[in-house]
Amino acid sequence: MSDKPEKFIDENGLRLDGRRLNEIRPMKMEIGVLSRADGSCYLEWGKNKILAAVYGPRELHPRRLQKSDSALIRYRYNMAAFSVEDRIRPGPSRRSIEISKVSREAFEPVVMTQLYPGTVIDVFAEVLQADAGTRTAAINAASVALADAGIPMKGLIASCAVGKVDGQLVLDLDKPEDNYGDADIPMAMTSDGEITLLQMDGDVTQEEFKKAIEMCKEGCLQIFEIQKETLRQKFTKLDDVEISDDEDNVDISTLVENSLESSVDDEGEDSIVVEDTEDDPGQDIEVEEDQDIEIEDEADEDIGPEKEEFIPEAVDLDTDQEDAEDIEVSGDIDDPCLVDGDIAPEDDGRTA
Amino acid sequence: MSNEVMSILKKDYIYNLMLKGKREDGRTFDEIRDIDLRTNVIEKAEGSAWIKLGETEILVGVKLQVGTPFPDSPGEGVIITSMELNPIASPEFEAGPPKENAIEMARVTDRGIRESGAIDLSKLCITEGEEVWIIFIDIHVLNNSGNIQDASSLGAIAALLTATVPGKREGRGEDIPLPIRDMPISVTLVDIGGEVMVDPDLDEENVCDCRITIVSNQDGSISGMQKSGDGALTEEKLLQAVSMACQKASELRETHLLDI
């Protein structure tokens, strides 16, 4: 599969899919999409389709895993077998275990775990379709799902990657850039710009890295806006609509089918689930207060026009390059063990 | 980080030392513990290295076998890196399949070697699309006294530098030295209360807010990076860590690898 494009950036400074160097792919989010979960979020970012769910804080078994002074966060990043070109074997791989670990650590600084000692907060991020940057996409979805679940947090986490193609730094790599580019630096940060996830592979100089952080910050700011807007849409609506009015439950299958043709602006209010997802009434008070504060802070700003600004232009996703995508595993930060079971010894099953 | 139990007194002690610009074992913030590196310690392996970093001891073995290449790189050899946190190394380690810590560290080591292009994989092709050399880098941790990450990657590149491709044994031509082009070195720093320090020992690793590993190459470029641990890192501290790591890496390269 060596169809490396000759040039990633054309003479006008545009990338293969028509984006500028510092432009992220179109992103669409929907929250409260799963009725049983305490919080959930469905995210489409480029061709990535991610579903994140949060359960908890809930009782943790086995008890020996309980932490006496705080809640335990568990994060499971999982790719569906059909999410990539060549089917991948279901279940945890070395890659997904590593991603789960660093993603969990990306949330540790903001989730106020000390409020729920002895419990667990489970975050599940399912990659339904993968197209470069799934770990960052999963974090963006999980962040909103945590907020949707009413988990007290110091703030949201946004994540995106900076890469290097044709010797230039670009924001939010797409598939060809990820596969054939010279570097990939996924990062996650708080709204203060503190870095909570950082990985890197490839080849960059110190100066380039410095610039990469700045670019990533820019990208994350845009993502924060989309995340906040998504939350605002659900929770401001809660104020003026009776819960009982809710009849339009969003069906995930329709969500997944609908491609990105409609930008965020197009979704009417009716696509948002207004639903009481809280199973634990004791948690409610905490939850609502927390959310309210967040929302009211932002409510003063003039949301409308600002939002326009932050939504990147819709991109025609049905280009040839996109179709020629490689499988996720071989292009990502990775060792090739995952790709071919014949050669790779299965470390996971090995005993000492 | 590990789950080792730390007393609050110990945490305070290390934190207060940091405020005075000191560390428990008397090192400065940019000082790496003594390194003892010996290569070719296992005759049966194609390349090997035993490394002692402070009290941390690690053995790295390199084996080569003939195998099939991956479909997306038919003309290139294959690198497979694994790490075993052997139960003899720490009361915290248990036998069994690798857990997330071991997997993470093995993959960071692997990425450093792979992404720097340290091994000329195109020279490890025997017949394109059919037969290539597969390099197995196996890292055995013998004693954990902190910073397994740096000891592993230094041990791994040292073992690779001494490795031979066993052409005769496998009936694939002559024995040749493994084609090495670069020497990626990882340097790990921890952030304790807002100060970054290199080469954490076990206690520092246990109390730190977060840990950052930076892999850099001979030309000073960065080929890998990983933040690990629960804390967040400011941009300022990160950039400070990066420049400190690059400088330390070139010192390590000069003192330990150039004469192998």
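Reader: In what order do the eight strands of the open sheet come, and how do they pair?

Author: In this predicted model, the order is β7(A)-β6(A)-β8(A)-β9(A)-β12(B)-β11(B)-β9(B)-β10(B), and the pairing is antiparallel.

Reader: What makes a strand an edge strand here?

Author: An edge strand pairs on one side only, and that holds for β7 (168-171) of chain A and β10 (195-198) of chain B. On average, neighbouring strands of this sheet are turned by 20 degrees against each other, direction ignored.

Reader: How do you know that β8 and β9 of chain A count as paired?

Author: Pairing needs at least two bridges. Five bridges join β8 (residues 183-190) to β9 (residues 195-204) in chain A, so these antiparallel strands pass that cut-off. Across from Met189(A) stands Ile195(A) in β9(A).

Reader: How do you know that the span of helix α5 of chain B is close to the expected one?

Author: Good one to check! With 23 residues (235-257), α5(B) is expected to span 33 Å at 1.5 Å a residue, and from first C-alpha to last it reaches 31 Å.

Reader: Which residues of α5(B) are buried?

Author: Among them are Leu238(B), Ala241(B), Val242(B), Ala245(B) and Leu252(B).

Notes
Residues are numbered from 1 along each chain as its sequence is written. Chains are lettered from A and ligands numbered from 1 in the order in which they are written. This is a predicted model: local features need pLDDT of at least 70, side-chain atom pairs count only at pLDDT 80 or more; totals for chains, interfaces and linings use all residues. Helices (H or I, at least four residues) and strands (E, at least two) are DSSP runs, numbered from the N terminus. The expected span of a helix is 1.5 Å times one less than its number of residues. A residue is buried if 20 or more other C-beta atoms lie within 10 Å of its own, exposed if 12 or fewer, and partly exposed in between; C-beta atoms are placed from the backbone. Axes are lines fitted to C-alpha atoms, for helices over the stretch in contact, and angles run from 0 to 180 degrees between N-to-C directions.
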